[in-house]
Structures are given as structure tokens and as C-alpha cells.
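Let's take a walk through this protein model, one stop at a time. Keep the picture open as you read, and look for each spot as it comes up.

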Amino acid sequence: MIIIECPQCHARYQYDEERFERKPAKKIKCAKCASIFEIKNPAYAEITPPLSPERFERTFTRRDPPKEKQQEDTTEQSPLPEKSTDKIPAELQLPQGKRISLAIIAGPDSGTMYRVEKPRVTIGRSNADVVLNDTEASRVHAAVEVRDFVIQLRDLGSTNGTLIDGQKINDAVELQDKSEFVVGSTTLMLIVTEDG
């Protein structure tokens with residue numbers, strides 16, 4: 001992870017270097033002031049360190065879903081924006097022209113993919129929309145809520161908590177495409193693609 005800063009409003013974000021996709025630089029859009037700015041890939045300035053065993057395992061044993069053809073958009077939304085509730089639509093609804101999926105990338109159900117077909121999907125061990133074969137998950141552990149283009153993850157008072165970047169979340173947290181989160185001992189990734 002690197003820390004990037006918007007040159008306009010000086011909002012700071014964490015950015016995963018893997019999202020550079022081996023490119024020397026990337027244009028991103030600030031979630032706070034919407035200005036587009038370029039960030040440089042630090043891997044181009046320094047020699048890439050060897051992969052740690054954990055990183056190697058995540059990089060080479062993850063079963064990615066088949067990639068769908070989509071037009072390349074070099075501008076992406078910056079990750080982990082500050083909480084802003086003023087622009088979030090109140091009504092739960094799926095966005096037009098987008099397909100939202102949850103991929104299980106680690107844990108007992110690794111390799112499984114669920115398509116999000118309604119604006120609120122619960123995740124848990126039983127009585128949930130996405131049922132996990134995971135004893136560390138609560139019965140109804142967390143929910144993914146979609147308000148058009150704003151997708152949020154909410155912990156539903158689970159015993160072990162819901163984690164993003166190793167931190168338990170207390171309130172609804174906005175997810176971006178390729179955001180990862182942990183429910184029990186299961187790691188899930190949100191995937192947003194063009195529909196059709």
C-alpha cells in the first residue's frame with residue numbers, strides 16, 4: 001500500500017500498488033473534489049522486492065473469475081474515500097448497466113462466485129443470501145447494500161466482526177470495485193463489471 005494525496009484538496013488515500021497493473025502511472029479521480037490527477041507507480045522507480053510467502057500464495061493461488069471484455073477506462077475512482085453521506089442516495093437500488101458480484105478468494109468456499117441480484121444481500125453461516133461454510137462467521141454476519149453506484153458493507157452485529165484491511169468496521173463502509181473484506185475466516189472481493 002502507498003499513500004497518495006490529491007494535489008487539489010489534499011485528501012489522502014491508501015492505494016494498492018497492484019492496481020497499477022504494471023503501468024508506470026495511472027490517472028485517478030479524487031472522491032472528495034472529483035479532480036483527476038496522475039500518480040506514479042513506485043515499482044518503476046525501485047526494484048520490485050521478492051514476494052513474501054503469504055503474498056506469493058495470494059498472487060498465485062487465487063482463483064480469479066474469468067475476465068469479461070470491457071472497454072478500458074484509465075480513470076478510476078480513488079479508494080477509501082472519507083465518509084460522505086450527503087451524496088449517498090437513500091433508496092436501495094441496483095445500478096443500470098452494471099453487474100455486481102461477490103467472489104470468495106480465501107476460506108472454505110474459495111473459488112465460489114455470487115451474483116448480486118438485489119440491492120441488499122446478507123452474508124453469513126445460515127439464513128443469509130450468501131451462505132458461507134464457515135464456523136467463524138455469524139449466522140447473519142454482514143450485508144452489502146447497493147444504492148445505485150454507491151456500494152456499502154455493513155456489519156450486522158457479528159461476534160467476530162467484519163474486517164477491511166485488518167480493521168473491524170463499526171459503521172457502513174463504502175466499497176469500490178476489487179475491494180476485499182473478511183467475514184469470519186472467509187475473504188470476499190466485490191467485483192463490478194459492465195453488464196452485457
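Asparagine 127 is exposed, with a relative accessible area of 70%. Bear in mind as you look at it that this is a predicted model. You'll find asparagine 127 in the loop between β8 and β9. Its backbone has something to notice too: phi is positive here, at about 55°, even though the residue isn't a glycine.

Is alanine 34 buried, partly exposed or exposed? With a relative accessible area of 44%, alanine 34 is partly exposed, because that value lies between the 20% and 50% cut-offs.

Now go back to the two strands on either side of asparagine 127's loop, β8 and β9. Strand β8 covers residues 120-124, and it pairs with β9 in the parallel sense over two bridges.

Next, head for strand β16, which spans residues 186-194. Threonine 187 is in this strand. Is threonine 187 buried or exposed? It counts as buried, because its relative accessibility is 16%, and the cut-off for buried is under 20%. What does threonine 187 touch, leaving aside neighbours within four places in sequence? Its contacts are Ala103, Ile104, Ile105, Ala106, Glu180, Phe181 and Val182.

Time for some charged residues. Side chains of opposite charge can pair when their charged atoms come close. How many salt bridges does the model have? The count comes to eight.

One of them joins glutamate 5 and arginine 12, with the closest N and O atoms 3.2 Å apart. Glutamate 5 is partly exposed at 37% relative accessibility, while arginine 12 is exposed, with a relative accessible area of 52%. Another salt bridge links lysine 40 to glutamate 38, and here the closest N and O atoms are 3.1 Å apart. In this pair, lysine 40 is exposed at 59% and glutamate 38 is partly exposed at 47%.

Then there's the salt bridge between lysine 98 and glutamate 194, whose closest N and O atoms are 2.6 Å apart. Lysine 98 lies in strand β6 (residues 98-106) and glutamate 194 in strand β16, so the pair ties together parts that are 96 residues apart in sequence. Both partners count as partly exposed, lysine 98 at 26% and glutamate 194 at 41%.

Finally, salt bridges can share partners. That's what happens with Arg120, Glu145, Arg147 and Arg154, which are joined into one network.

How values were computed: Residues numbered from 1 in each chain as written. Predicted model: local features only at pLDDT ≥ 70, side-chain atom pairs only at ≥ 80, totals over all residues. Heavy atoms only, no water. Pairing = 2+ DSSP bridges. Helix = DSSP H or I, 4+ residues; strand = E, 2+ residues; numbered from the N terminus. Buried < 20%, exposed > 50% of the residue type's maximum accessible area, 1.4 Å probe, protein only. Contact = heavy atoms within 4.5 Å. Salt bridge = Lys/Arg side-chain N within 4 Å of Asp/Glu carboxyl O.
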